[in-house]
Every structure is written in C-alpha cells, then in structure tokens.
Amino acid sequence: MLENLVEIIKKSKNCVVLTGAGISSESGVPTFRGKEGLWGKFRPEELATMEAFMSNSQVVWEWYNWRRELMSKVKPNPGHYALVELAEFFDDYTLITQNVDSLHKMAGSEDILELHGNIYRNKCMNCNKIVDEEIEIDPESIPLCIYCGGKIRPDVVWFGEMLNELIISEAFTKSETADIFLSVGTSAIVHPAASLPVNSKRSGAILVEINPEMTPLTDLADFYFEYPSGEFLPKLIEKLKA
Ligand code: BV8
Ligand code: ZN
C-alpha cells in the first residue's frame, strides 16, 4: 500500500493536502467531534455561530479565549513538519486547512489556505478592520473597535457564514487540477471544505485519506491509511527520501 503510494507521488506533479483538527490532536489540541472534543458540552452549530455571539458574546469570547490559551501552549507535531517536507516532492503543492490554530505556519508551511480563518486574529463586526493586537476580554464588556465602536470578534468563519471568496475558489481550482489529493485528520462533514476532496477525485485525482477512523470519504478514497497523521506522514517522507 505505502510502496505504491510512494510510486504514485514520484510520478505526480500537483498535490493538494486538506487538513482538519485531527492533525493537531497529537499536539494536544482537542478535536471538534472527538470524545475529548472542543465541543464537549456544546454543539458546534450552537457556539461557533453569529447567533451565539449576538445573544451571548461573553460565552463565545470566553470559549475562544480558552482555546487561544490552550493553543498558545502547543507546538506543531511530526505530522505538521512532514507536510512541510512533502512540498519538496511536487512542482505545485497547496496546503488547505480548516484549522484556525496556526500550527502549519509555525511548522514552516507557506501559502497556506486557511478556509476557516485564524483564532489569533480579530476583526470588527462593523467596519471589518483587522485587529491584531492582543485582546483581553474583561468579564463585563466585549472589546469595541477603536475606529468605529463596533463589536470585535474572532476572525474565524462561523456556521452559516460565507468563507472568504478568494480563498475557497483558489482551493477548488487547485483541487480540480491536482494529480493527488490527501485528506488528513478531518471528519469530512463540514462544507464547503468537505466537497474539495470529492471534486478533486471527480476531476481525476488520486484520493488518499489518513485518519484513524473512517469518514464519509473513506469509501471514495483510492488509498486509506488508518493511522494517526503524526506517525504515518513522517514514514511516508522517509520512504520518499529513500
Ligand atoms: C456555509 C471555525 C452557508 C470556527 C468552523 C445544517 C445546519 C447548519 C449548517 C449546515 C447544515 N448543513 C450544512 C450546513 C453548512 C455548514 C456545515 O457544513 N455544517 C456541518 C456540521 C453539517 N457549513 C457552514 O456553515 C459553512 N458556511 O455553508 O455558509 C452559506 C452558503 C452560501 C451563502 C451564504 C452562506 C461554514 C463552515 C465553517 C464553520 N467553522 N470552524 C472555530 O474553529 O471556532 S468548522 C470546524 O469544523 C473547524 O473549523 C474544523 O476544522 C471543522 C471540521 O472539523 P474537523 O477539522 O474535521 O475536526 P473533527 O473533530 O470533526 O474531526 C477530526 C478528525 O480527525 C476525526 O475524523 C478523527 O478521526 C481524526 N483524527 C483524530 N486524531 C487524529 C486524526 N486524524 C489523523 N491523525 C490523528 N492523530
Ligand atoms: Zn470598526
């Protein structure tokens, strides 16, 4: 299995990788829908939404601050680093992530397409200005924009919100011209991200899934590796270098 994947990679020019929370789980970041999931006592659709923020900005801000706290302590794992090295084996290599944790950037990946935004960035809901500096949320009130007084929110894509048009169309274009598409550590249920591997396969790419659990994508995949990404990806790089 791994041998013929190595052969295929050596013959491929364009590669797209889509990652989800699973690739960060070995860094200690809880996944969204796993047992220790982030959504533990909440359902994703309840908390990561505009409604939740409008009706209970406090809870939403506290949740994001808790996640930022948690994520600021973790480091990239061998899976992230392997995806940096994998880029060397292709003429055209695109890393698309649903994660908002900046771990791919910290590992050294470049030109990352962050489909769902980034938890360390804030923006004003009113004038959309990006607010980069640290935001301390005091229990009483949420931060307001110094330019227009609007409410400030984490610059992530909530459920029911559009993704950045440029980013998602670039993601589809790259997926549809890929020779090989790797889906790593995602439950493949959140759209439009989950359509990328399907479109890629339909356009003729070899579809590879790396996930210790099966997903709606598993049946469609040409290769399915039931391993944690932090173990499997470094092995793949080792074989490619051999
Ligand atoms: C849109 C950012 C509309 C915020 C996130 C019904 C009701 C409501 C909405 C919908 C609905 N049906 C469809 C929708 C649309 C909705 C959607 O797809 N919902 C799903 C749940 C059905 N999508 C949207 O709302 C999107 N917007 O559609 O706009 C629209 C359209 C046109 C015009 C106007 C409007 C926006 C989606 C973005 C939501 N934002 N996050 C934040 O982070 O706080 S989504 C959230 O889920 C994260 O970004 C996360 O990345 C993403 C996907 O989850 P995964 O990454 O896959 O993580 P998960 O825990 O699920 O899985 C982890 C996997 O890793 C598991 O499979 C596990 O086995 C594996 N794993 C574990 N350990 C390892 C491992 N793998 C490898 N190695 C390991 N060691
Ligand atoms: Zn503003």
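Colleague: How many cavities of 30 Å³ or more does the count come to?

Modeller: The count comes to 3. A cavity here is a set of points on a 1 Å grid over the protein atoms alone where a 1.4 Å probe fits but cannot get out. Mind that this is a predicted model: local features need pLDDT of at least 70, side-chain atom pairs count only at pLDDT 80 or more, and totals for chains, interfaces and linings use all residues. Residues are numbered from 1 along each chain as its sequence is written, chains are lettered from A and ligands numbered from 1 in the order written, and side-chain values use heavy atoms, without hydrogens and water.

Colleague: What lines the largest cavity?

Modeller: The largest cavity holds about 60 Å³, as the space filled by probe spheres set on the points. Its lining has 12 residues, and Val29, Phe32, Met71, Asn99 and Asp101 are closest to its centre. Lining means having an atom within 4 Å of a point.

Colleague: Switching to pockets, how much space is in the largest one?

Modeller: About 920 Å³. A pocket is an open set with protein on both sides within 12 Å along at least five of seven lines.

Colleague: Which residues lie nearest its centre?

Modeller: Ala21, Thr31, Phe32, Arg33 and Ser187, out of 45 lining residues. Domain 1 and domain 2 each supply at least three residues to that lining.

Notes. Domains from an automatic or database assignment.
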